[in-house]
Amino acid sequence: MSSWLEEAEMEYRADVDDAWYSVRVVAEENGDVLRVKFCGFSEEFDKVLRGSELKSKRDIHNLSERFRPISVQVQDSDCSKVSVGDIVCASFGFREDDVRFYDALVDGVEKHAHARKEGGEEECLCNFILIWMHGPNAAKLTSTTIENICQVQSCKQIDPKLDCFLKRAGERLVMTSDPDLISKDDSSPNVKLKQSFPQFANQDTRCAKLSVSKICSSEERIGSHSDSSILDMDFGGGGNEYVILLENLDKGSSPSMIAEFIQRATSVSPEVYIFPNISSEKSTRGVLSLDSKKEFQKLTDFLDSPKHIIMSSGGRPWVIVEKMTRHNPLRASTGIQSQRTLQNTSFRSTNGIKVVHFGTEEHKMAKLLKDLFVEFFNHQKRLREKLDLDVENILQLYQAL
């Protein structure tokens with residue numbers, strides 16, 4: 001093994017080409033600056049990160065997601081460990097001397113009997129069908145062999161120097177008086193509430209030692225303006241601990257229809273709640289509530305899968321706003337429709353709710369619609385934060401008079 005691979009501490013996803021590289025980090029200026037050194041490259045390629053340039057919790061989170069443990073190269077004898085649905089880090093050669101690593105979803109495996117190399121070493125002859133998740137082949141389907149695949153490590157280990165840098169940046173935000181910098185932005189795209197429910201990220205890379213991360217979905221998580229009020233409601237009578245918040249449901253969606261669709265697709269039976277909405281809104285929001293951690297993970301895996309998008313009967317893609325656990329909820333008097341209150345009614349057909357698969361024209365349209373909704377939702381959230389700040393400033397000025 002070359003010396004630069006031996007000194008690699010983690011992998012970093014570079015913003016210039018979106019590829020994963022093996023790196024080590026050096027803390028500078030009492031930990032307020034972090035220098036990312038690309039293994040095998042000269043110092044002119046170093047990336048200098050300054051804590052003062054991280055202006056929000058989202059910035060800190062997004063930066064932390066660019067680092068992960070060194071990926072593990074799959075050996076020929078271990079090809080059975082690569083399964084359909086796995087997210088791996090695979091190599092792409094721009095030229096013979098320019099190989100980079102990007103995340104990809106294993107869409108299929110063509111099994112072939114292994115051969116024996118000279119000397120008796122096992123040789124894998126299987127083909128792996130990949131859907132590239134980023135990089136120059138994003139959304140394209142290609143075939144590759146075992147030597148181009150690395151497995152992403154399931155456990156995320158944070159380098160002490162990186163951890164210290166991110167904590168100092170977070171402390172700096174707490175110290176600031178600017179509400180925009182200390183806003184509750186923990187529900188930004190791809191945020192995983194690490195102490196509340198299972199994570200669905202982190203993967204890694206191979207040979208050139210880059211790294212990958214299990215991605216929640218190609219659409220990033222967005223924050224909900226109603227998170228706190230939803231948490232205060234006693235869904236299901238107080239027993240269920242795991243909550244999934246959905247947006248962009250068809251107006252007039254039936255809880256029983258959603259419950260039946262989910263049960264048929266996943267064998268999971270959540271309590272389903274639909275919120276009332278004002279007449280000018282074209283969509284509505286809902287809640288899926290469960291008391292089983294195992295079923296919660298199974299359902300979120302299904303809803304978050306990068307291989308498909310769930311479409312409502314009216315053609316609206318479902319958007320997960322947040323996933324969370326509840327503690328000591330308060331009972332709320334509400335007009336929320338629930339599956340429980342409708343349990344004596346007959347189920348309507350769930351043919352209108354469907355799964356559209358990656359690579360199809362229908363999925364491309366669903367992805368476009370989903371991205372538009374996310375953009376609108378985030379814009380709406382920023383407007384609300386500005387309104388809250390303006391109101392607070394006005395009240396402070398009034399009280400000072």
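The model is predicted: local features require pLDDT of at least 70 and side-chain atom pairs count only at pLDDT 80 or more, while totals for chains, interfaces and linings use all residues. Residues are numbered from 1 along each chain as its sequence is written, and side-chain values use heavy atoms, with hydrogens and water left out.

**Whole protein.** Begin with a cartoon view, which shows seven helices and 20 strands; helices (H or I, at least four residues) and strands (E, at least two) are DSSP runs, numbered from the N terminus. Of the 401 residues, 46% are buried, where buried means under 20% relative accessible area, exposed over 50%, and partly exposed in between (1.4 Å probe, protein chains only). The accessible surface comes to about 20,600 Å², and carbon and sulfur atoms account for 50% of it; areas come from the Shrake-Rupley method with a 1.4 Å probe, and for residues only the protein chains shown count as cover.

**Helix 6.** Select residues 293–304 next. At the start of the helix, a side-chain oxygen of Ser292 comes to within 3.4 Å of the backbone nitrogen of Lys294. Phe296, Leu299, Thr300, Phe302, Leu303 and Asp304 are buried in this helix. The elements packed against its buried residues include helix 5 (255–266), strand 16 (283–290) and strand 18, with contact meaning heavy atoms within 4.5 Å.

**Lys323.** Move to strand 18 (residues 319–325), where Lys323 is found. Lys323 is buried, because its relative accessible area is 0%. Display its side chain together with that of Asp304: the two make a polar contact at 3.1 Å (a pair of N or O atoms within 3.5 Å; within protein, one must be able to donate a hydrogen and the other to accept it, and residues adjacent in sequence count only if both atoms are side-chain atoms).

**Ser143.** Select strand 12 (residues 141–144), which holds Ser143. Ser143 is partly exposed, with a relative accessible area of 47%. Leaving aside residues up to four places away in sequence, Ser143 touches Asn127, Phe128 and Ile129. Its C-alpha lies 6.4 Å from that of Asn127, although 16 residues separate them in sequence.

**Leu368.** Finish on helix 7 (residues 361–400), the place of Leu368. Leu368 is exposed, with a relative accessible area of 53%.

Technical notes
Expected span 1.5 Å × (residues − 1).
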